[in-house]
Amino acid sequence: MATLASAIRQFTEKLGRTTVNGIVEFGYSITLFLESFYWLVFGYRRNQAVKVDSLFAQMMQIGIAAIPIVFVLSFVIGIMLAIQGIATLKTFGAESQVVLGIALSVTREFSPLIIGILVAGRSGSALAARIGTMTISQEIDALRVIGVSPVRYLVTPALVAMMIMLPTLTFFGDLVALLGGAIYSNLELGLSLTAYADRSLEILTVDDVMQGIWKSLVFAVIIVLVSFSNGFSVTAGAEGVGKATTRSVVLSITYIIIADMIFTFILTH
Amino acid sequence: MNDSAEQPVIEVSELVTHYGTRKILDGVDMTVNAGEIMVIMGGSGSGKSTLLRYLLGLHQPTSGSIKLLGHDITKLSAKEVQELRKQMGVSFQGGALFNSMNIGDNVCLPLREHTNLDENTMRIMSRMKLEVVNLAGFENLMPAQLSGGMIKRAALARAIVMDPKLLFFDEPSAGLDPVASVELDELILRIRKAMNTSIVVVTHELDSTFRIADRITVLDQGKILMIGSVDEIRNCDNERIQNLLNRKARETNIDAEAYIRRLTAETS
């Protein structure tokens, strides 16, 4: 009996602690988000304007440097969707409808989701590892005692860069995935590229594209906040940095997928 | 002792701090006078590094006040603390140089963030400070390319680039060979002489302490054992202090009841 009681106690204790930690972390992320924008808007008034060159440096790392891999992934996904689409639609003899399937699924779903996950793995991990290392080597403390807000100096540029570059990459991914789909359809169905492009433009509305862009904006915020809150909370040396990096990638991807579902539900109702 | 009419630059009174539920500092009172080198000494776990972190305003204490240059940092707004920090320099234990920047940019960073000087002036100022710490010509190297002693000196150059009124050192001789350690001590003395900075050094190195200190604060288990000049500390007959000076192991009486309670993890 005693063991059962203590097991229950331990379980409830752990549950309580995890819940409290979760709430603390959520609150921390929200504060981080608000503080970043505070510095972006009012930083110059306190003589601590957000530096444009660090913003551009982040945009290069997060966005421009990811273009080749985004190109490859989006192109392959376009082809993959075309293969699946043509194969399934064949049973109804409606192969030509593949254009519709690709256009809508790419812009609304695949492009933001896949690129969000890619950037979470690529830049989210890099941010978490960098901030974690800076925390354990007291670089964050050094910034604070120099009188530089770490949020203004580190978080704001990354957040703004991510919020600009992830939607941009998503739009770029839309185009490349459509190109991939077009090329495969051309080879398989003999549909000309111009006809494919015309058809796609006919189907797609601004809303379809914007749905993906809005999603990617939310994903951008998720990636940055999760990475930074994990990075800042590192305490236990190199192993802690590794754990924080892994944790931030896994959490970012999980939140992205959950947010995607919620978003899709809201936008289609 | 303190017969100068000047106000102390650092005034700590009744400082109590906690880490979680554990009390770390327990009613610390101390002052540092202008132009003075105060060494905070104590064994591991005595709370000396914690005291430094609170002096730097990195945490909010449970109670008590910390006055730096006449301002109570526990009551200042974030903006006022930021202003105050322009007059403080800190050299961290591991240097805490920004690894993504070269030495020159590291030293320039406070100038870049707080002044509107043009690039050339900032470069010249940072080179002057690097010259002071004998690192002239190293500004294009990355922190990873420097030795431990050089990193500490570069961090010192960054700490003094704004000509601070207060300078803090966390374990300046940790991880340095005896020669490099003596050199760093000489440097600390030279900077005090040249800039009349008030300096707080946290260390457990006895040799270094006796070389540089004007006064010494001895901390033990979160409380101040004694504050006094080098001679006063040396000649003091307090057993804990003599143990610390003679490197003798602590003798602790084990309370059997408390021991059992700790082992069984019963909180009551």
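In this predicted model, the axes of helix 5 (residues 139-146) and helix 6 (residues 150-189) of chain A come within 9 Å and cross at roughly 125°. Axes here are lines fitted to C-alpha atoms, over the stretch in contact, with angles from 0 to 180 degrees between N-to-C directions. The two helices are therefore oblique to each other, the label left over once angles under 35 degrees (roughly parallel), over 145 (roughly antiparallel) and 65 to 115 (roughly perpendicular) are taken out. Touching, meaning heavy atoms within 4.5 Å, are Ile140(A), Leu143(A) and Arg144(A) of helix 5 and Pro150(A), Tyr153(A) and Leu154(A) of helix 6. That makes five nonpolar, no polar and one charged residues.

Zooming out, chain A has nine helices and zero strands; these are DSSP runs, of at least four residues (H or I) for helices and at least two (E) for strands. Its C-alpha trace spans about 65 × 65 × 35 Å along the principal axes.

On the surface sits a nonpolar patch with about 740 Å² of accessible area together, including Phe71(A), Leu179(A) and Leu193(A). Patch members have over 30% relative accessible area and no salt bridge, with nonpolar side chains joined within 5 Å; areas use the Shrake-Rupley method with a 1.4 Å probe. Helix 3 gives the most, with five residues, and Phe71(A) lies in this helix.

Residues count from 1 along each chain, and chains are lettered from A. Local features need pLDDT of at least 70, side-chain atom pairs need 80 or more, and side-chain values use heavy atoms.

Conventions. Nonpolar A, V, L, I, M, F, W, Y, C, P; charged D, E, K, R; others polar. Patch = residues over 30% accessible without salt bridge, like charges linked within 9 Å, V, L, I, M, F, W, Y side chains within 5 Å. Salt bridge = Lys/Arg side-chain N within 4 Å of Asp/Glu carboxyl O.
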